[in-house]
Amino acid sequence: ELLAHHIGAERLAAEPAAAAELIEFCVRLPLALSIVAAQAALSPAFTLAELVAELRAEHRKLDAFESGGDSVRAVFSWSYRTIEPAAARLFRLLGLHLGPDFGQRTAASLAGVPLSQVRKLLTDLTRAHLLDQYTPGRYRMHDLVRAYAAELVADDGEAVREPAMHRMLDYLLHTTLSAAYVLNPNRDPQPVEPIVADTAYVPVTDTDSAFRWYHAELPTLLAAARYAATAKPVSYAWQIPWCMTSFLYRRGRWSEWASIHEIALATARTEGDDYAIARTHRLLGNAYTLLDRQADGRAEHRSAQALFAEAADAHGLGRTHHARAWADARFGEHRSAIEHAERALSLYRGYGNSSGEAHALNAAGWFHAQLGEFEPAQQRCAQALALHTELGELMGVADDYDSLGYIHHHLGDSERAFADYQHSIDLWRELGAAYDEAITLIRYGEARTDTGDRTAALALWRRALEILTQLDHPDADTLRARIAAA
């Protein structure tokens, strides 16, 4: 009614969606809305949609609301002045936060205060309508309120902002690293500096917690990885992305994997950190390969291989040959893939990396199977399964059963193939490896089709399609067409 009073009912009725967006943009505050409505009334040639777009484009959003002596800042200032100094300090520091929402431990790390204290301060800010606790333990700020907090903290000076950002980034790094080790206990070692004082860090200790952490914090982690190129220490720019690869792979989020590692690589080059450069080349090559950017992926892997060879880094070389093996196989070059897998296997054995050895054995077996060489394929994959089982690596076990399912299918042993595939699917689901589960479901469906069980095959493919659709993965379109034609 207030907006219609200023700009007229006809203009409002012509753009109901834009009007609703404008109201939300003003935090439903009558003063803020009156100021914007007055500007709209003075510019009748502007559509409301254009006005919203112009407001959102403002680098300093609050400046867009200036109108004579009044400002929406007065509204926020009125709320801000009602809170105690400790809550006011936290509010200002929240202007530094990089994501759309945050949890209590992030806020405690920013402020450098105990969790018990920050809970009370967050309650104070929520009561003052400067925060919204939209789900238990997680909070968000409206864009305008965040902009106001950012303006306030800018006046606090670098001596306040830099330590707060360091605490927050360190909290994100160490928590993400602990989650990464839960998802893949045998991932590459990643030495990091001891966590700085006064963070609210608690390590992630189980798979469910790891996935909850990543799902809740993914937008913030992506933003932090991009921001970190300008932070101190700059090593956050590659360390945070490194910690995210297991999750991003399992969820099929390869574009995000590539984008943050591109920034990581540029930053590592600027800093001249040779190990960071080499490792990021390899990880970026993996992302490009998954995105079917064959030439780019190969260029990154070759760069990594050259740098690791120059440094005589057997571990880095083994991992890079392993990556090159999978890249070649993805593009149908299985003989070359076997050569790289065997080279990785030799390097892993040379320095006692049993986990790497098991993965390389399975890889070599899978590549032999793609060439129809099922005897060496079965031998290698059975060796991999025994070693992964001994090591207790469930991801590896799931992968081995998937390979053996394919091999037994093509050897005509349907019952063993079905059992292998089901073992693999059960483990992928337990591990939260959604993309891998979908791929194994597709292969299991193919095995069922070859035995004439079209009904079972379609059920498996539909389950795979649900997963790929949830992941917004491009493979979903191919599978949808396959189901339609079946």
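Which residues touch the most other members of the largest nonpolar core?

## The model

This is a predicted model, in which local features need pLDDT of at least 70 and side-chain atom pairs count only at pLDDT 80 or more, while totals for chains, interfaces and linings use all residues. Residues are numbered from 1 along each chain as its sequence is written, and side-chain values use heavy atoms, with hydrogens and water left out.

## The nonpolar cores

A nonpolar core is a set of buried Ala, Val, Leu, Ile, Met, Phe, Trp, Tyr and Cys residues joined through side-chain atoms within 4.5 Å, where buried means under 20% relative accessible area, found with a 1.4 Å probe on protein chains only. Within the largest core, which has 141 residues, those that touch the most other members are Leu90, Phe91, Leu94, Leu125, Ile240 and Phe367. Helix α11 (residues 158-183) gives this core its largest share, 11 residues; helices are DSSP runs of H or I with at least four residues, numbered from the N terminus. A second, separate core has 6 residues, including Ala344, Leu345, Tyr348 and Ala384.

Apart from neighbours within four places in sequence, Leu125 is in contact (heavy atoms within 4.5 Å) with Ile83, Ala87, Leu90, Phe91, Leu94, Leu130 and Leu131.

## Helix α21

Helix α21 (residues 394-410) has 17 residues and, at 1.5 Å a residue, should span 24 Å, which agrees with the 24 Å between its end C-alpha atoms; the expected span is 1.5 Å times one less than the number of residues. Of the 17 residues in α21, 13 are buried, so that the helix is mostly covered. Just after α21, Gly412 takes a positive phi of about 85 degrees.

Methods
Buried < 20%, exposed > 50% of the residue type's maximum accessible area, 1.4 Å probe, protein only. Helix = DSSP H or I, 4+ residues; strand = E, 2+ residues; numbered from the N terminus.
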